[in-house]
Amino acid sequence: MRMSKLLMPTLREVPAEAEIASHQLMLRAGLIRKLAAGVYSYLPLGLRSLKKVEQIVREEMDRAGAQELLMSALLPAEAYQASGRWEVFGPSMFKLKDRNDRDFCLGPTHEELFTQTVIDNVRSYKEYPMTLYQIQTKYRDEGRPRFGLIRGREFIMKDAYSFDLDEKGLDESYKKMYDAYCRIFTRLGLDFTIVDADSGAMGGSGSQEFMVKSPVGEDGIAYCDACGYAANYEKCECIPEPKEQPEGELDLEKIETPNAHTIDELVDSLGMEAYNFAKTIIYKADDKYVAVMVRGDRDVNEVKLKNLLGCTDDPELAEPEAVREITHAKVGFAGPIGLGIPVYADKEVALMKNFVVGANETDMHYKNVNIGRDFEPDTVADIRVVVTGDKCPKCGASIKSEQGIEVGHIFKLGTKYSDALGLTYLDESGRNKTVIMGCYGIGVTRCLAAAVEQGHDENGIIWPVSIAPYQAIVVPANYKSEEQMAEAERIYAALCDAGIETLIDDRNERAGVKFKDADLIGIPVRIVVGKKIGDGIVEYKERKMEKAEEMAAEDAVARVAEFIRSNI
Ligand code: ATP
Ligand code: MG
(Lines give C-alpha, C1' and ligand atoms only; values in the text may rest on other atoms or scores of the structure.)
(Ligands and ions follow the chains in the order given, each with its own letter.)
Protein backbone atom coordinates (compact mmCIF):
# COMPACT_ATOMS: atom_id res chain seq x y z
CA MET A 1 0.00 0.00 0.00
CA ARG A 2 1.20 3.47 -0.86
CA MET A 3 1.06 5.82 2.08
CA SER A 4 0.42 8.73 -0.27
CA LYS A 5 -2.99 7.11 -0.84
CA LEU A 6 -3.64 5.68 2.63
CA LEU A 7 -6.39 7.09 4.83
CA MET A 8 -4.30 7.41 7.97
CA PRO A 9 -5.34 10.57 9.79
CA THR A 10 -2.72 10.69 12.55
CA LEU A 11 -3.25 13.21 15.34
CA ARG A 12 -0.84 15.23 17.47
CA GLU A 13 -3.34 15.87 20.23
CA VAL A 14 -5.98 13.54 21.56
CA PRO A 15 -9.08 14.44 23.58
CA ALA A 16 -8.56 14.49 27.33
CA GLU A 17 -11.15 11.73 27.78
CA ALA A 18 -8.63 9.28 26.28
CA GLU A 19 -7.03 8.38 29.60
CA ILE A 20 -5.09 5.26 28.77
CA ALA A 21 -2.29 4.55 26.31
CA SER A 22 -4.18 2.19 24.01
CA HIS A 23 -7.09 4.59 23.63
CA GLN A 24 -4.79 7.55 22.96
CA LEU A 25 -2.59 5.64 20.53
CA MET A 26 -5.44 4.12 18.56
CA LEU A 27 -6.85 7.61 18.04
CA ARG A 28 -3.47 9.19 17.35
CA ALA A 29 -2.41 6.52 14.87
CA GLY A 30 -5.69 6.96 12.97
CA LEU A 31 -6.98 3.43 13.68
CA ILE A 32 -10.35 4.36 15.14
CA ARG A 33 -12.66 7.35 15.45
CA LYS A 34 -15.35 7.95 18.03
CA LEU A 35 -18.97 8.33 16.92
CA ALA A 36 -20.59 8.41 20.36
CA ALA A 37 -19.61 7.28 23.88
CA GLY A 38 -18.41 3.69 23.48
CA VAL A 39 -19.15 3.61 19.73
CA TYR A 40 -16.31 3.70 17.21
CA SER A 41 -15.60 3.36 13.53
CA TYR A 42 -12.55 1.46 12.35
CA LEU A 43 -10.41 3.23 9.77
CA PRO A 44 -8.30 1.22 7.29
CA LEU A 45 -5.33 0.44 9.55
CA GLY A 46 -7.53 -0.39 12.53
CA LEU A 47 -9.76 -2.59 10.45
CA ARG A 48 -6.82 -4.57 9.06
CA SER A 49 -5.64 -5.43 12.57
CA LEU A 50 -9.17 -6.20 13.69
CA LYS A 51 -9.65 -8.63 10.78
CA LYS A 52 -6.44 -10.38 11.76
CA VAL A 53 -7.61 -10.84 15.33
CA GLU A 54 -10.88 -12.24 14.01
CA GLN A 55 -9.07 -14.58 11.66
CA ILE A 56 -6.85 -16.00 14.42
CA VAL A 57 -9.92 -16.56 16.59
CA ARG A 58 -11.74 -18.19 13.66
CA GLU A 59 -8.85 -20.51 12.77
CA GLU A 60 -8.52 -21.77 16.32
CA MET A 61 -12.25 -22.23 16.79
CA ASP A 62 -12.38 -24.22 13.56
CA ARG A 63 -9.36 -26.26 14.62
CA ALA A 64 -11.18 -27.11 17.85
CA GLY A 65 -14.10 -28.42 15.82
CA ALA A 66 -16.51 -25.53 16.42
CA GLN A 67 -18.80 -24.44 13.56
CA GLU A 68 -19.22 -20.83 12.57
CA LEU A 69 -22.59 -19.28 11.93
CA LEU A 70 -23.87 -15.74 12.12
CA MET A 71 -26.90 -14.35 13.88
CA SER A 72 -28.63 -11.03 13.70
CA ALA A 73 -27.86 -8.28 16.17
CA LEU A 74 -31.53 -7.21 16.04
CA LEU A 75 -33.35 -9.76 18.14
CA PRO A 76 -37.00 -10.35 19.03
CA ALA A 77 -37.72 -10.20 22.74
CA GLU A 78 -39.36 -13.60 23.22
CA ALA A 79 -36.31 -15.78 23.92
CA TYR A 80 -34.93 -13.24 26.40
CA GLN A 81 -38.32 -12.99 28.09
CA ALA A 82 -38.39 -16.78 28.42
CA SER A 83 -34.99 -16.86 30.12
CA GLY A 84 -35.80 -13.89 32.35
CA ARG A 85 -32.93 -11.83 30.99
CA TRP A 86 -35.21 -9.27 29.35
CA GLU A 87 -35.46 -7.90 32.93
CA VAL A 88 -32.13 -9.05 34.37
CA PHE A 89 -30.07 -7.01 31.88
CA GLY A 90 -31.87 -3.89 33.09
CA PRO A 91 -30.63 -0.64 31.58
CA SER A 92 -27.66 -2.40 29.91
CA MET A 93 -29.94 -3.77 27.21
CA PHE A 94 -30.70 -1.60 24.19
CA LYS A 95 -34.42 -2.12 23.67
CA LEU A 96 -36.54 -0.91 20.78
CA LYS A 97 -39.91 -1.44 19.14
CA ASP A 98 -40.74 -2.05 15.50
CA ARG A 99 -43.53 -0.23 13.63
CA ASN A 100 -46.04 -2.81 14.89
CA ASP A 101 -45.06 -2.19 18.48
CA ARG A 102 -43.22 -5.51 18.85
CA ASP A 103 -40.32 -5.57 21.30
CA PHE A 104 -36.78 -6.07 20.08
CA CYS A 105 -33.33 -5.67 21.55
CA LEU A 106 -29.83 -5.30 20.20
CA GLY A 107 -28.17 -8.54 21.30
CA PRO A 108 -25.87 -8.19 24.35
CA THR A 109 -24.94 -11.93 24.19
CA HIS A 110 -26.69 -14.83 22.48
CA GLU A 111 -27.18 -17.79 24.85
CA GLU A 112 -30.93 -17.74 24.29
CA LEU A 113 -30.71 -17.52 20.51
CA PHE A 114 -28.19 -20.35 20.15
CA THR A 115 -30.27 -22.52 22.46
CA GLN A 116 -33.34 -21.78 20.32
CA THR A 117 -31.40 -22.53 17.13
CA VAL A 118 -30.46 -25.94 18.45
CA ILE A 119 -34.04 -26.61 19.60
CA ASP A 120 -35.33 -25.73 16.14
CA ASN A 121 -32.72 -27.48 14.05
CA VAL A 122 -31.16 -30.46 15.81
CA ARG A 123 -33.16 -33.64 15.27
CA SER A 124 -31.28 -36.43 17.03
CA TYR A 125 -29.07 -37.00 20.04
CA LYS A 126 -26.52 -38.36 17.55
CA GLU A 127 -25.78 -34.81 16.40
CA TYR A 128 -24.27 -33.95 19.81
CA PRO A 129 -21.75 -32.93 20.99
CA MET A 130 -21.83 -29.72 19.00
CA THR A 131 -20.12 -26.37 19.45
CA LEU A 132 -21.37 -23.36 17.48
CA TYR A 133 -19.84 -19.91 17.33
CA GLN A 134 -20.07 -16.53 15.69
CA ILE A 135 -17.95 -13.41 15.47
CA GLN A 136 -20.51 -10.68 15.75
CA THR A 137 -21.32 -7.20 16.97
CA LYS A 138 -22.78 -6.92 20.47
CA TYR A 139 -24.58 -4.07 22.16
CA ARG A 140 -24.53 -3.22 25.85
CA ASP A 141 -25.53 0.16 27.17
CA GLU A 142 -22.67 0.15 29.68
CA GLY A 143 -22.96 2.48 32.65
CA ARG A 144 -19.41 3.68 32.10
CA PRO A 145 -18.22 3.18 28.54
CA ARG A 146 -14.56 4.14 28.57
CA PHE A 147 -11.00 3.34 27.63
CA GLY A 148 -11.82 3.25 23.91
CA LEU A 149 -12.37 -0.27 22.66
CA ILE A 150 -11.87 -1.79 26.11
CA ARG A 151 -15.36 -0.98 27.28
CA GLY A 152 -17.56 -0.09 24.36
CA ARG A 153 -21.33 0.00 23.98
CA GLU A 154 -20.94 -1.57 20.55
CA PHE A 155 -18.18 -4.16 20.36
CA ILE A 156 -17.28 -7.35 18.55
CA MET A 157 -17.38 -10.60 20.46
CA LYS A 158 -16.66 -14.14 19.47
CA ASP A 159 -19.29 -16.12 21.30
CA ALA A 160 -19.37 -19.90 21.26
CA TYR A 161 -21.83 -22.33 22.83
CA SER A 162 -21.34 -26.04 23.40
CA PHE A 163 -24.14 -28.59 23.57
CA ASP A 164 -23.48 -31.96 25.21
CA LEU A 165 -25.40 -35.01 26.29
CA ASP A 166 -23.89 -35.15 29.78
CA GLU A 167 -21.51 -33.51 32.25
CA LYS A 168 -18.55 -35.52 31.03
CA GLY A 169 -19.19 -34.27 27.52
CA LEU A 170 -19.33 -30.71 28.82
CA ASP A 171 -15.96 -31.19 30.54
CA GLU A 172 -14.46 -32.27 27.23
CA SER A 173 -16.01 -29.44 25.22
CA TYR A 174 -14.87 -26.96 27.87
CA LYS A 175 -11.31 -28.31 27.78
CA LYS A 176 -11.20 -27.95 23.99
CA MET A 177 -12.21 -24.31 24.29
CA TYR A 178 -9.69 -23.76 27.10
CA ASP A 179 -6.92 -25.10 24.87
CA ALA A 180 -8.14 -23.07 21.88
CA TYR A 181 -8.16 -19.92 24.01
CA CYS A 182 -4.57 -20.53 25.11
CA ARG A 183 -3.54 -20.82 21.46
CA ILE A 184 -5.52 -17.73 20.45
CA PHE A 185 -4.10 -15.42 23.09
CA THR A 186 -0.59 -16.73 22.47
CA ARG A 187 -0.95 -16.08 18.74
CA LEU A 188 -2.29 -12.59 19.50
CA GLY A 189 0.99 -11.95 21.31
CA LEU A 190 -0.79 -11.29 24.61
CA ASP A 191 0.81 -12.07 27.93
CA PHE A 192 -2.19 -13.58 29.73
CA THR A 193 -3.17 -15.18 33.03
CA ILE A 194 -6.02 -17.66 33.52
CA VAL A 195 -8.05 -17.07 36.65
CA ASP A 196 -10.90 -18.84 38.42
CA ALA A 197 -14.01 -16.76 38.01
CA ASP A 198 -17.36 -16.43 39.66
CA SER A 199 -19.99 -18.64 38.10
CA GLY A 200 -22.91 -16.95 39.77
CA ALA A 201 -25.62 -18.08 42.12
CA MET A 202 -27.79 -19.65 39.46
CA GLY A 203 -26.46 -22.54 37.40
CA GLY A 204 -22.91 -22.89 36.27
CA SER A 205 -20.41 -25.28 37.73
CA GLY A 206 -17.17 -23.65 36.73
CA SER A 207 -15.78 -20.64 34.99
CA GLN A 208 -12.43 -19.17 34.09
CA GLU A 209 -11.35 -15.83 32.72
CA PHE A 210 -8.39 -14.99 30.52
CA MET A 211 -6.84 -11.81 31.79
CA VAL A 212 -4.19 -9.49 30.42
CA LYS A 213 -2.41 -8.03 33.42
CA SER A 214 -2.42 -4.26 33.22
CA PRO A 215 -2.73 -1.42 35.73
CA VAL A 216 -5.65 -0.06 33.70
CA GLY A 217 -7.60 -3.33 33.95
CA GLU A 218 -10.96 -3.14 35.71
CA ASP A 219 -10.76 -6.61 37.26
CA GLY A 220 -8.69 -7.53 40.31
CA ILE A 221 -6.59 -10.68 40.05
CA ALA A 222 -5.46 -12.45 43.22
CA TYR A 223 -2.59 -14.83 42.56
CA CYS A 224 -0.11 -16.95 44.43
CA ASP A 225 3.46 -17.35 43.20
CA ALA A 226 4.00 -20.36 45.45
CA CYS A 227 1.34 -22.68 44.01
CA GLY A 228 0.18 -20.92 40.84
CA TYR A 229 -3.39 -20.33 42.07
CA ALA A 230 -5.09 -17.34 40.46
CA ALA A 231 -8.63 -16.04 40.82
CA ASN A 232 -10.72 -13.01 40.08
CA TYR A 233 -11.14 -10.89 43.24
CA GLU A 234 -14.86 -11.52 42.92
CA LYS A 235 -14.28 -15.21 43.31
CA CYS A 236 -11.17 -15.52 45.49
CA GLU A 237 -11.96 -17.21 48.79
CA CYS A 238 -10.71 -15.28 51.82
CA ILE A 239 -9.03 -16.98 54.73
CA PRO A 240 -9.94 -15.08 57.94
CA GLU A 241 -6.93 -13.53 59.66
CA PRO A 242 -7.58 -12.96 63.38
CA LYS A 243 -5.82 -9.91 64.85
CA GLU A 244 -4.30 -10.02 68.31
CA GLN A 245 -6.84 -8.85 70.84
CA PRO A 246 -7.23 -8.52 74.60
CA GLU A 247 -8.15 -11.71 76.49
CA GLY A 248 -11.65 -12.05 77.90
CA GLU A 249 -14.78 -10.03 77.30
CA LEU A 250 -14.79 -6.43 78.51
CA ASP A 251 -17.96 -4.62 79.59
CA LEU A 252 -20.14 -3.27 76.81
CA GLU A 253 -20.02 0.53 76.73
CA LYS A 254 -22.02 3.04 74.74
CA ILE A 255 -19.77 5.92 73.72
CA GLU A 256 -20.32 9.31 72.15
CA THR A 257 -18.78 9.71 68.73
CA PRO A 258 -20.01 13.08 67.49
CA ASN A 259 -19.74 13.55 63.74
CA ALA A 260 -17.70 10.38 63.26
CA HIS A 261 -19.53 8.66 60.38
CA THR A 262 -16.67 6.87 58.69
CA ILE A 263 -14.06 4.41 59.84
CA ASP A 264 -11.32 6.98 59.20
CA GLU A 265 -13.09 9.56 61.37
CA LEU A 266 -13.60 6.95 64.11
CA VAL A 267 -9.97 5.83 63.98
CA ASP A 268 -8.95 9.48 64.46
CA SER A 269 -11.39 10.31 67.20
CA LEU A 270 -11.06 7.09 69.25
CA GLY A 271 -7.35 6.47 68.64
CA MET A 272 -7.91 2.85 67.65
CA GLU A 273 -7.04 0.84 64.54
CA ALA A 274 -9.50 0.23 61.70
CA TYR A 275 -9.47 -3.50 62.49
CA ASN A 276 -10.95 -2.78 65.92
CA PHE A 277 -14.19 -1.76 64.23
CA ALA A 278 -16.82 -3.75 62.41
CA LYS A 279 -18.70 -1.88 59.70
CA THR A 280 -22.41 -2.57 59.34
CA ILE A 281 -23.62 -1.75 55.85
CA ILE A 282 -27.27 -1.87 54.87
CA TYR A 283 -27.96 -3.34 51.44
CA LYS A 284 -31.07 -3.62 49.39
CA ALA A 285 -31.39 -6.96 47.63
CA ASP A 286 -34.49 -7.70 45.53
CA ASP A 287 -36.53 -5.22 47.62
CA LYS A 288 -35.42 -6.68 50.96
CA TYR A 289 -32.99 -5.02 53.32
CA VAL A 290 -30.07 -6.85 54.94
CA ALA A 291 -27.14 -5.74 57.09
CA VAL A 292 -23.66 -6.85 56.09
CA MET A 293 -20.75 -6.72 58.52
CA VAL A 294 -17.08 -6.69 57.61
CA ARG A 295 -14.04 -5.65 59.63
CA GLY A 296 -13.30 -1.90 59.49
CA ASP A 297 -10.29 -2.35 57.20
CA ARG A 298 -12.14 -4.62 54.75
CA ASP A 299 -14.58 -4.16 51.89
CA VAL A 300 -17.76 -6.05 51.04
CA ASN A 301 -17.49 -8.30 48.00
CA GLU A 302 -20.86 -7.68 46.37
CA VAL A 303 -20.57 -10.69 44.07
CA LYS A 304 -20.10 -13.03 47.04
CA LEU A 305 -22.97 -11.25 48.74
CA LYS A 306 -25.22 -11.72 45.73
CA ASN A 307 -24.40 -15.44 45.56
CA LEU A 308 -24.97 -15.80 49.30
CA LEU A 309 -28.35 -14.07 49.17
CA GLY A 310 -29.30 -15.80 45.92
CA CYS A 311 -30.93 -12.58 44.73
CA THR A 312 -31.71 -11.78 41.09
CA ASP A 313 -30.66 -8.14 41.04
CA ASP A 314 -27.23 -6.95 42.12
CA PRO A 315 -27.38 -5.89 45.77
CA GLU A 316 -27.24 -2.11 46.15
CA LEU A 317 -26.41 0.16 49.05
CA ALA A 318 -29.69 1.14 50.71
CA GLU A 319 -30.86 4.71 50.10
CA PRO A 320 -30.18 7.13 52.98
CA GLU A 321 -33.89 7.40 53.90
CA ALA A 322 -34.13 3.63 54.25
CA VAL A 323 -31.00 3.56 56.42
CA ARG A 324 -32.43 6.28 58.64
CA GLU A 325 -35.70 4.39 58.98
CA ILE A 326 -34.04 1.04 59.75
CA THR A 327 -31.43 2.38 62.20
CA HIS A 328 -33.46 5.29 63.65
CA ALA A 329 -30.27 7.32 63.25
CA LYS A 330 -28.29 9.39 60.75
CA VAL A 331 -26.35 7.44 58.14
CA GLY A 332 -23.04 6.22 59.60
CA PHE A 333 -24.24 4.78 62.91
CA ALA A 334 -25.68 1.41 61.89
CA GLY A 335 -24.84 -1.56 64.08
CA PRO A 336 -26.02 -5.13 64.64
CA ILE A 337 -27.42 -4.75 68.16
CA GLY A 338 -31.19 -4.50 68.13
CA LEU A 339 -31.34 -4.06 64.35
CA GLY A 340 -34.59 -5.39 62.94
CA ILE A 341 -33.20 -6.89 59.69
CA PRO A 342 -31.09 -10.02 58.99
CA VAL A 343 -27.39 -9.63 59.79
CA TYR A 344 -24.77 -11.28 57.55
CA ALA A 345 -21.34 -11.21 59.17
CA ASP A 346 -18.06 -11.91 57.43
CA LYS A 347 -16.09 -14.85 58.86
CA GLU A 348 -13.49 -12.46 60.17
CA VAL A 349 -16.03 -10.49 62.17
CA ALA A 350 -16.98 -13.76 63.86
CA LEU A 351 -13.38 -13.97 65.18
CA MET A 352 -13.31 -10.45 66.64
CA LYS A 353 -13.43 -9.64 70.35
CA ASN A 354 -14.24 -6.39 72.14
CA PHE A 355 -14.85 -4.42 68.96
CA VAL A 356 -16.68 -1.23 68.06
CA VAL A 357 -19.96 -1.05 66.13
CA GLY A 358 -22.56 1.63 65.44
CA ALA A 359 -25.28 1.95 68.11
CA ASN A 360 -28.24 2.68 65.79
CA GLU A 361 -28.37 6.10 67.44
CA THR A 362 -27.02 9.32 65.97
CA ASP A 363 -23.46 10.13 67.17
CA MET A 364 -23.24 6.93 69.25
CA HIS A 365 -21.22 3.71 69.01
CA TYR A 366 -20.86 0.61 71.17
CA LYS A 367 -17.44 -0.41 72.43
CA ASN A 368 -16.31 -3.87 73.67
CA VAL A 369 -18.92 -5.67 71.61
CA ASN A 370 -18.78 -9.48 71.65
CA ILE A 371 -20.71 -11.91 69.49
CA GLY A 372 -22.80 -14.36 71.47
CA ARG A 373 -23.19 -11.99 74.39
CA ASP A 374 -24.29 -8.79 72.62
CA PHE A 375 -25.73 -10.04 69.34
CA GLU A 376 -25.82 -13.08 67.11
CA PRO A 377 -25.44 -12.75 63.34
CA ASP A 378 -28.05 -14.64 61.32
CA THR A 379 -25.38 -15.88 58.93
CA VAL A 380 -21.58 -16.03 59.01
CA ALA A 381 -19.91 -16.38 55.61
CA ASP A 382 -17.04 -15.22 53.44
CA ILE A 383 -18.30 -11.85 52.18
CA ARG A 384 -15.19 -9.69 51.91
CA VAL A 385 -12.81 -8.65 49.17
CA VAL A 386 -9.41 -10.33 49.17
CA VAL A 387 -6.35 -8.10 49.71
CA THR A 388 -2.61 -8.40 49.09
CA GLY A 389 -1.02 -10.39 51.88
CA ASP A 390 -4.07 -12.58 52.53
CA LYS A 391 -3.36 -16.30 52.79
CA CYS A 392 -3.68 -18.29 49.56
CA PRO A 393 -6.77 -20.50 49.90
CA LYS A 394 -4.89 -23.37 48.24
CA CYS A 395 -1.47 -23.35 49.92
CA GLY A 396 -1.44 -20.66 52.61
CA ALA A 397 1.38 -18.58 51.08
CA SER A 398 0.90 -14.85 50.72
CA ILE A 399 -1.52 -13.66 48.01
CA LYS A 400 -0.42 -11.01 45.56
CA SER A 401 -2.71 -8.88 43.49
CA GLU A 402 -2.74 -7.09 40.20
CA GLN A 403 -5.27 -5.51 37.86
CA GLY A 404 -6.31 -7.29 34.68
CA ILE A 405 -8.28 -6.75 31.47
CA GLU A 406 -10.72 -9.61 30.87
CA VAL A 407 -10.21 -10.66 27.24
CA GLY A 408 -11.96 -14.02 27.39
CA HIS A 409 -14.34 -15.97 29.55
CA ILE A 410 -15.27 -19.66 29.48
CA PHE A 411 -18.21 -20.91 31.47
CA LYS A 412 -19.88 -24.24 32.25
CA LEU A 413 -23.51 -23.19 32.06
CA GLY A 414 -25.07 -26.54 32.82
CA THR A 415 -28.82 -26.55 32.13
CA LYS A 416 -29.71 -22.93 32.87
CA TYR A 417 -30.79 -22.07 29.31
CA SER A 418 -31.77 -25.56 28.18
CA ASP A 419 -34.17 -25.71 31.15
CA ALA A 420 -35.52 -22.21 30.57
CA LEU A 421 -36.19 -22.74 26.86
CA GLY A 422 -36.75 -26.50 26.79
CA LEU A 423 -33.72 -27.95 25.00
CA THR A 424 -34.01 -31.70 25.51
CA TYR A 425 -33.20 -34.86 23.60
CA LEU A 426 -34.41 -38.46 23.55
CA ASP A 427 -31.58 -40.81 24.45
CA GLU A 428 -31.03 -44.30 22.92
CA SER A 429 -33.67 -45.81 25.13
CA GLY A 430 -36.18 -43.06 24.45
CA ARG A 431 -35.78 -41.19 27.75
CA ASN A 432 -36.13 -37.42 27.72
CA LYS A 433 -32.99 -35.63 28.93
CA THR A 434 -31.74 -32.06 29.13
CA VAL A 435 -28.86 -30.84 26.97
CA ILE A 436 -25.87 -29.53 28.96
CA MET A 437 -24.37 -26.25 27.77
CA GLY A 438 -21.19 -24.21 28.00
CA CYS A 439 -20.52 -20.70 26.73
CA TYR A 440 -17.26 -19.13 25.67
CA GLY A 441 -16.63 -15.46 24.88
CA ILE A 442 -13.73 -13.45 23.54
CA GLY A 443 -13.79 -9.66 23.33
CA VAL A 444 -12.36 -9.32 19.83
CA THR A 445 -12.22 -5.53 19.79
CA ARG A 446 -11.09 -5.49 23.43
CA CYS A 447 -8.20 -7.82 22.47
CA LEU A 448 -7.06 -5.31 19.90
CA ALA A 449 -6.90 -2.58 22.54
CA ALA A 450 -5.29 -4.94 25.06
CA ALA A 451 -2.55 -5.71 22.53
CA VAL A 452 -1.80 -1.99 22.23
CA GLU A 453 -2.03 -1.51 25.98
CA GLN A 454 0.59 -4.21 26.43
CA GLY A 455 2.67 -3.29 23.36
CA HIS A 456 3.67 0.34 23.15
CA ASP A 457 6.40 2.81 24.07
CA GLU A 458 6.64 6.60 24.16
CA ASN A 459 6.84 6.69 20.34
CA GLY A 460 3.76 4.64 19.61
CA ILE A 461 2.36 1.19 19.11
CA ILE A 462 4.51 -1.95 18.98
CA TRP A 463 2.25 -4.48 17.24
CA PRO A 464 2.84 -8.19 17.52
CA VAL A 465 3.64 -9.31 13.95
CA SER A 466 0.52 -11.50 13.90
CA ILE A 467 -1.92 -8.58 14.11
CA ALA A 468 0.05 -5.60 12.77
CA PRO A 469 -1.95 -3.79 10.07
CA TYR A 470 1.06 -4.13 7.77
CA GLN A 471 4.10 -6.24 8.46
CA ALA A 472 6.83 -4.08 6.92
CA ILE A 473 7.40 -0.52 5.77
CA VAL A 474 9.87 0.84 3.23
CA VAL A 475 10.90 4.47 3.69
CA PRO A 476 12.80 6.40 1.04
CA ALA A 477 14.48 9.09 3.18
CA ASN A 478 14.54 11.78 0.51
CA TYR A 479 11.51 12.08 -1.72
CA LYS A 480 13.48 14.17 -4.22
CA SER A 481 16.22 11.58 -4.77
CA GLU A 482 15.38 9.55 -7.86
CA GLU A 483 17.87 6.88 -6.90
CA GLN A 484 16.37 6.44 -3.41
CA MET A 485 12.82 6.39 -4.73
CA ALA A 486 13.68 3.85 -7.42
CA GLU A 487 15.47 1.51 -5.01
CA ALA A 488 12.68 1.85 -2.41
CA GLU A 489 10.13 0.95 -5.09
CA ARG A 490 12.20 -2.06 -6.08
CA ILE A 491 12.41 -3.36 -2.48
CA TYR A 492 8.72 -2.62 -1.93
CA ALA A 493 7.75 -4.62 -5.01
CA ALA A 494 10.02 -7.50 -3.98
CA LEU A 495 8.52 -7.59 -0.46
CA CYS A 496 4.99 -7.58 -1.86
CA ASP A 497 5.96 -10.38 -4.25
CA ALA A 498 7.29 -12.35 -1.29
CA GLY A 499 3.80 -12.17 0.22
CA ILE A 500 4.76 -9.64 2.89
CA GLU A 501 2.15 -7.00 3.67
CA THR A 502 4.16 -3.87 3.01
CA LEU A 503 3.73 -0.11 3.10
CA ILE A 504 5.89 2.29 1.13
CA ASP A 505 6.09 5.82 2.49
CA ASP A 506 6.06 7.62 -0.85
CA ARG A 507 4.75 10.86 0.67
CA ASN A 508 6.54 14.14 0.06
CA GLU A 509 7.48 14.50 3.73
CA ARG A 510 10.69 14.94 5.70
CA ALA A 511 12.42 11.73 6.77
CA GLY A 512 11.81 12.59 10.43
CA VAL A 513 8.06 12.79 9.92
CA LYS A 514 8.05 9.45 8.14
CA PHE A 515 10.05 7.75 10.90
CA LYS A 516 7.73 9.15 13.56
CA ASP A 517 4.65 7.89 11.74
CA ALA A 518 6.14 4.43 11.15
CA ASP A 519 6.84 4.21 14.89
CA LEU A 520 3.42 5.58 15.83
CA ILE A 521 1.48 3.06 13.75
CA GLY A 522 3.79 0.36 15.01
CA ILE A 523 4.88 -1.47 11.84
CA PRO A 524 7.08 -4.36 13.05
CA VAL A 525 10.00 -3.84 10.63
CA ARG A 526 11.27 -0.88 8.65
CA ILE A 527 13.72 -0.55 5.75
CA VAL A 528 15.10 2.94 5.13
CA VAL A 529 16.61 3.71 1.75
CA GLY A 530 18.89 6.72 2.28
CA LYS A 531 22.08 8.32 1.04
CA LYS A 532 24.14 5.14 1.33
CA ILE A 533 22.09 3.45 -1.34
CA GLY A 534 24.88 4.58 -3.71
CA ASP A 535 27.04 1.93 -1.97
CA GLY A 536 24.20 -0.60 -1.95
CA ILE A 537 23.46 -0.07 1.77
CA VAL A 538 20.06 0.33 3.46
CA GLU A 539 18.98 0.55 7.11
CA TYR A 540 17.10 -2.28 8.79
CA LYS A 541 15.18 -1.69 12.01
CA GLU A 542 12.71 -3.81 13.89
CA ARG A 543 10.22 -1.68 15.82
CA LYS A 544 11.52 -3.12 19.07
CA MET A 545 15.21 -2.39 18.33
CA GLU A 546 16.95 0.60 19.89
CA LYS A 547 18.98 1.41 16.78
CA ALA A 548 18.87 0.67 13.08
CA GLU A 549 21.48 -1.60 11.47
CA GLU A 550 23.08 -1.10 8.09
CA MET A 551 22.86 -3.95 5.64
CA ALA A 552 23.25 -4.76 1.96
CA ALA A 553 20.17 -3.68 0.03
CA GLU A 554 20.16 -6.95 -1.88
CA ASP A 555 19.71 -8.95 1.37
CA ALA A 556 16.95 -6.78 2.82
CA VAL A 557 13.99 -8.73 1.48
CA ALA A 558 15.30 -12.07 2.75
CA ARG A 559 16.02 -10.58 6.17
CA VAL A 560 12.55 -9.07 6.49
CA ALA A 561 10.95 -12.31 5.32
CA GLU A 562 12.93 -14.29 7.90
CA PHE A 563 11.93 -11.88 10.68
CA ILE A 564 8.24 -12.12 9.76
CA ARG A 565 8.37 -15.90 9.40
CA SER A 566 9.97 -16.42 12.81
CA ASN A 567 7.63 -13.98 14.61
CA ILE A 568 4.23 -14.93 13.35
P1 ATP B 1 -17.00 -7.14 31.94
O2 ATP B 1 -16.92 -7.82 33.28
O3 ATP B 1 -15.70 -6.58 31.47
O4 ATP B 1 -18.14 -6.18 31.83
P5 ATP B 1 -18.44 -9.40 31.10
O6 ATP B 1 -17.93 -10.41 32.04
O7 ATP B 1 -19.75 -8.77 31.30
O8 ATP B 1 -17.33 -8.26 30.89
P9 ATP B 1 -18.90 -11.41 29.11
O10 ATP B 1 -20.36 -11.41 29.10
O11 ATP B 1 -18.16 -12.49 29.81
O12 ATP B 1 -18.39 -9.99 29.61
O13 ATP B 1 -18.42 -11.24 27.60
C14 ATP B 1 -17.37 -11.98 26.99
C15 ATP B 1 -16.21 -11.08 26.62
O16 ATP B 1 -16.63 -9.93 25.88
C17 ATP B 1 -15.51 -10.52 27.82
O18 ATP B 1 -14.57 -11.44 28.32
C19 ATP B 1 -14.85 -9.27 27.25
O20 ATP B 1 -13.60 -9.60 26.66
C21 ATP B 1 -15.79 -8.83 26.16
N22 ATP B 1 -16.60 -7.67 26.58
C23 ATP B 1 -17.60 -7.64 27.48
N24 ATP B 1 -18.12 -6.41 27.60
C25 ATP B 1 -17.43 -5.63 26.75
C26 ATP B 1 -17.50 -4.24 26.40
N27 ATP B 1 -18.40 -3.43 26.95
N28 ATP B 1 -16.63 -3.76 25.46
C29 ATP B 1 -15.73 -4.59 24.88
N30 ATP B 1 -15.62 -5.89 25.17
C31 ATP B 1 -16.45 -6.42 26.08
MG1 MG C 1 -17.15 -12.21 31.77
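In what order do the strands of the open three-stranded sheet with β4 come? The order is β4-β6-β5, and the pairing is antiparallel. A strand here is a DSSP run of E with at least two residues, a helix is a run of H or I with at least four, and both are numbered from the N terminus. Two strands count as paired if DSSP finds at least two bridges between them.

Before going on, some ground rules: this is a predicted model, where local features need pLDDT of at least 70 and side-chain atom pairs count only at pLDDT 80 or more, while totals for chains, interfaces and linings use all residues. Residues are numbered from 1 along each chain as its sequence is written, chains are lettered from A and ligands numbered from 1 in the order in which they are written, and side-chain values use heavy atoms, with hydrogens and water left out.

β5 and β6 (residues 103-106) run antiparallel and are joined by four bridges. Look for lysine 97, which stands opposite aspartate 103 in β6.

**The sheet with β13, β18 and β19**

There's another open sheet of three strands, in the order β13-β19-β18, again with antiparallel pairing. β13 (253-256) and β18 (355-358) each have a single partner strand, so one side of each has no neighbour in the sheet. Four bridges link β13 to β19 (residues 364-369), and three link β18 to β19. In the hairpin of β18 and β19, five residues lie between the strands, and asparagine 360 takes a positive phi near 55°.

How much of β19 is covered? Five of its six residues are buried, where buried means under 20% relative accessible area, exposed means over 50%, and partly exposed is in between (1.4 Å probe, protein chains only).

**Around ligand 1**

Now for the ligand. Its shell has 14 residues, and Arg140, Glu142, Arg151, Gly152 and Glu406 come nearest (near means that a heavy atom of the residue lies within 4 Å). β21 gives the largest share of the shell, four residues.

| Residue | Backbone atom | Ligand 1 atom | Distance |
|---|---|---|---|
| Isoleucine 150 | N or O | nitrogen | 3.4 Å |
| Valine 407 | polar | oxygen | 3.2 Å |
| Glycine 443 | N or O | oxygen | 3.2 Å |

Taken alone, ligand 1 exposes 580 Å², and the protein buries 82% of that (areas come from the Shrake-Rupley method with a 1.4 Å probe; for residues, only the protein chains shown count as cover).

**Two helices to find**

Serine 83 belongs to helix α3 (residues 78-83). Serine 83 counts as buried because its relative accessibility is 18%. A polar contact of 2.6 Å joins its side chain to that of glutamate 112. Such a contact is a pair of N or O atoms within 3.5 Å; within protein, one must be able to donate a hydrogen and the other to accept it, and residues adjacent in sequence count only if both atoms are side-chain atoms.

At the start of helix α8 (residues 302-309), a side-chain oxygen of asparagine 301 reaches to within 3.0 Å of the backbone nitrogen of valine 303. Just after α8, glycine 310 takes a positive phi of about 65°.
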